[in-house]
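Hi there,

Here is the structure I promised to pass on. Have a look at it first, then read my notes below.

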Amino acid sequence: MLRIIRERLRQRFRTISFPRGAPPALPARFRGLPRIDQSRFVHGVDEVIASCPTGALSRDAKGALTLDLGRCIFCGECARMAPQGAITFTSDYRLAVRTREHLVLSEGELRHAVELGGKLRRQLGRSLKLRQVSAGGCNGCEADANVLTTIGWDMGRFGIQFVASPRHADGLLVTGPVTRNMLLALRKTYEAVPAPKIVIASGACAISGGLYRGFAETCNGVTELLPVDLFVPGCPPHPLTLLDGLLRLIGRIGEKDPLPSITPSGEETTREL
Amino acid sequence: MAPTNAALLANGAAVPVGHIPVFPWKTFRSWLLSSVSDGAEIASFFARPEKGFTLTAVCADPGTGNLQAASTRVEDAWDSLTPECEAVHLFEREMAEQYNMTPNGHPWLKPVRFQPPMDGSRPGRATPEIGDTRFFSIEGDEVHEVAVGPVHAGVIEPGHFRFQCNGETVLHLEISLGYQHRGVERALIGGPDVRSVHFAETLAGDTTIGHATAYCEAIEALASIAVPPRAQAIRAIALELERLANHIGDLGALAGDVGFLPTSSWCGRIRGDILSMTALVCGSRFGRGLVRPGGVAYDLDEMAIGELHERLSSVARDAGGACGLLWSAPSVLARFEGTGALAAATARRLGMTGPAARACAIERDVRRDFPTGFWRFSQLAVSSGRTGDVFARAYVRWLEAQRSFAFLEEQIAALPRGETLASARKPARNALAVSLVEGWRGMICHCAVTGAQGAFTRYKIVDPSFRNWMGLAMAMRGEPISDFPLCNKSFNLSYCGHDL
């Protein structure tokens, strides 16, 4: 017993103070919100588009490059291929949005997720109970969602919890491209959640199918199957990105909150792979 | 004259497909059976649609460090080897499912993943509905059945478990998977292309470095690319960080499963601290984007090395303090010891791998037995246990974690100088490459076969979980069903790694 207490003192209290305090430091090479500078593209747009493993890049009607955060796996390949500074991954971890269209980036600002409205918000009160369903997820998204329950992040502080049964849940947090083999189980789990209910798609696979888009074995994510209330991009999303999205959804972070300082990702590698 | 000798290969090497002998069935059968009885592991055993169907097996002999490969040809059926060699049971089921063939006399011929047939499969088989199979059942007045999943209570991947119980006691557990099947092997055919390495990185997300390294070593073997020593060292550092994060995280989860909350709480956080060290190297907590054909995409500068070193010593101290409590707490030991014991003979027969096998005194480790890359320069002691129970599986992982800490301590400070990425080249045509990597769950095996254009005509992946799921089922026999979560966590196998 004494040993346990001694060790407890040594391990100290280390829960992050975010969002009251500053967010935890992200590594210099962290690849967050990409920024596109159209003026730097003199040539080579097609090569950059072809370099994307998930087809996240395309041209819009005016010929400008657009990036679909719902498909992006944040590998950084496009930034390496593009002219210097044309595509930069920044340290901005705030990526969650409320509608699918908001994930398609051109040059403007990302429209961050806003609080749930109406009856649903009132009914939730100060808590959000989620049932997690992995439907073909590789265990990356699952593991970094689970991390929020550890004492480092302690998501329970905000009344957010992963629960064991859909009957106890206010909604689903779906990960993975939704394999054909999980379609029925996902549908049944959704039906078992009492209404009104929400759906959160976490990770490129759940939003669009990601790398597994267009496969006969998958359903291109949950977006076309269920009404999604929150999209959290990433492969997998950083725990901070997911937490930020969840807190915005329940109104614990809003547009008035101070902005984190944003820097370009410290990626030195410009060599071709 | 028919060939009598299998082709000799090395880990991370390629041979022309033509050099792999095609044995008549009888010769193939006796070669495979005698290799296994002489102590070799079946690293891979797969079919491809070529001249009927070509079945190729790769045997890995830890005694000599050699790999041997041989093939045979079948039309649509063969006499199952499973009755004589249980280690092939799942490989045979997999081939039967992927190409609609029949291993005659297979005692447990059920779907593996409920997947659609592979290209080139024999026609005539519809894809079965997931979970639609004849489950093993036991009848009796006191016998009842418990079905769990695919969706489980925790934040975890899906799978279906069926227990046949007599009261509390589990007589038999049947594990039926396939819910995570995404079709990765099918998607890799025709590669390598811009997606291939990303498929490898997401085969099992918690083993990103392990699978990406296996993929890259296969490509490097096919294209004769020499990886610079500094890149090999960074890969080895990332592989050990991956092992540490998973081992420490799982020790915490095991503590949680027996209600020992101090270790459970701290290890969850420490695991995150280790993932952040990987993110320091490459920006991703899981090591996405780091390992690339030819080396690594990110170098470490002096500042990063200093930072890694500093964090390593504080994480090692925290982990030592948190995990050390487990081995002296009577409430933990009482639950760990004797729970889910697996006999060494069973583990050996099933061809199990990794910490679960080493916990049964099967002292095998790819890093020592078939070293490639950095492991050729760094000797590693293999950690093992004797009792094959939850305690042994947990303790082996703690021993391995300590050795990983020591390895990192030594290597981070002494990185070789030089380049980190060799230039890309085209893979050889009509060649076969085998690469083995000791992932944190055990031996990962990738086999790449190229055709006349140098593109993959078959890419076979064997995740360690594929070899170990049956071990979990066996470990549960005679155990109380309430011990399943603890037992399951002590193996912590991958669903998507199995389902592909």
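You will find Glu400(B) in helix H13 of chain B, which runs over residues 390-412. Is Glu400(B) buried or exposed? Its relative accessible area is 3%, and the cut-off for buried is under 20%, so Glu400(B) is buried. Keep in mind throughout that this is a predicted model.

As a general point, nonpolar side chains in soluble globular proteins tend to be buried together. In this model the largest nonpolar core has 118 residues, and those with the most contacts inside it are Phe163(B), Leu173(B), Ile248(B), Leu290(B) and Phe336(B). Helix H6 of chain B (residues 229-257) gives the largest share of that core, 14 residues. Apart from this core lies another one, of 51 residues, with Leu55(B), Phe370(B), Leu432(B) and Val434(B) among them.

Setting aside neighbours within four places in sequence, its contacts include His144(B), Val146(B), Val170(B), Leu173(B), Met476(B) and Phe484(B).

Now for where the two chains meet. How many residues of each chain are in contact with the other? The count is 60 residues of chain A and 64 residues of chain B. About 5100 Å² is buried between the chains, with carbon and sulfur atoms giving 57% of that area. Arg29(A), Asn181(A) and Glu217(A) together supply 14% of the area that chain A buries against chain B, more than any other three residues.

Glu217(A) turns up again in a salt bridge with Arg186(B), where the closest N and O atoms are 2.7 Å apart. In total there are four salt bridges between chain A and chain B. Polar contacts between the chains come to 27 residue pairs, counting those where both residues are at pLDDT 80 or more. Several elements of chain A each supply at least two residues to the side that touches chain B: helix H1 (2-11), helix H2 (45-51), strand E6 (128-134), helix H5 (140-146) and helix H6 (180-192). H1(A) gives the most, with six residues. Sorted by class, that side of chain A has 28 nonpolar, 16 polar and 16 charged residues.

Over to a loop in chain A, the one between strand E4 (87-89) and strand E5 (104-105), where Thr90(A) lies. Thr90(A) has 2% relative accessibility, so it counts as buried. What does its side chain reach? A polar atom of the Thr90(A) side chain lies 2.7 Å from the backbone oxygen of Leu33(A), and the side chain also reaches the backbone nitrogen of Asp92(A) at 3.2 Å.

Leu95(A) is found in the loop between E4 and E5 of chain A too. Leu95(A) is buried, at a relative accessible area of 3%. Beyond its neighbours within four places in sequence, Leu95(A) is in contact with Gly32(A), Leu33(A), Phe74(A), Leu103(A), Leu110(A), Phe231(A), Pro233(A) and Thr241(A). Its C-alpha atom is 8.3 Å from that of Ala113(A), which is 18 residues away along the chain.

Last, some backbone details to look up:

- Ala195(A) and Pro196(A) are joined by a cis peptide bond, with omega about -5°; Pro196(A) sits in the loop between H6 and strand E9 (198-202) of chain A.
- Gly191(B) and Pro192(B) are joined by a cis peptide bond as well, with omega about 0°; Pro192(B) sits in the loop between helix H3 (184-188) and helix H4 (196-201) of chain B.
- Asn220(A) is not a glycine, yet its phi is positive, about 60°. Asn220(A) is in the loop between helix H7 (204-208) and strand E10 (230-232) of chain A, and is buried at 18% relative accessible area.
- Phe114(B) is not a glycine either, and has a positive phi of about 55°. Phe114(B) is in the loop between strand E8 (102-104) and strand E9 (143-148) of chain B, and counts as buried at 1% relative accessibility.

Happy exploring!

Notes: Residues numbered from 1 in each chain as written. Chains lettered and ligands numbered in written order. Predicted model: local features only at pLDDT ≥ 70, side-chain atom pairs only at ≥ 80, totals over all residues. Heavy atoms only, no water. Contact = heavy atoms within 4.5 Å. Buried area = accessible area lost by both parts, 1.4 Å probe. Salt bridge = Lys/Arg side-chain N within 4 Å of Asp/Glu carboxyl O. Polar contact = N/O pair within 3.5 Å; in protein donor to acceptor, adjacent residues only side chain to side chain. Helix = DSSP H or I, 4+ residues; strand = E, 2+ residues; numbered from the N terminus. Nonpolar A, V, L, I, M, F, W, Y, C, P; charged D, E, K, R; others polar. Buried < 20%, exposed > 50% of the residue type's maximum accessible area, 1.4 Å probe, protein only. Core = buried A, V, L, I, M, F, W, Y, C linked by side-chain atoms within 4.5 Å.
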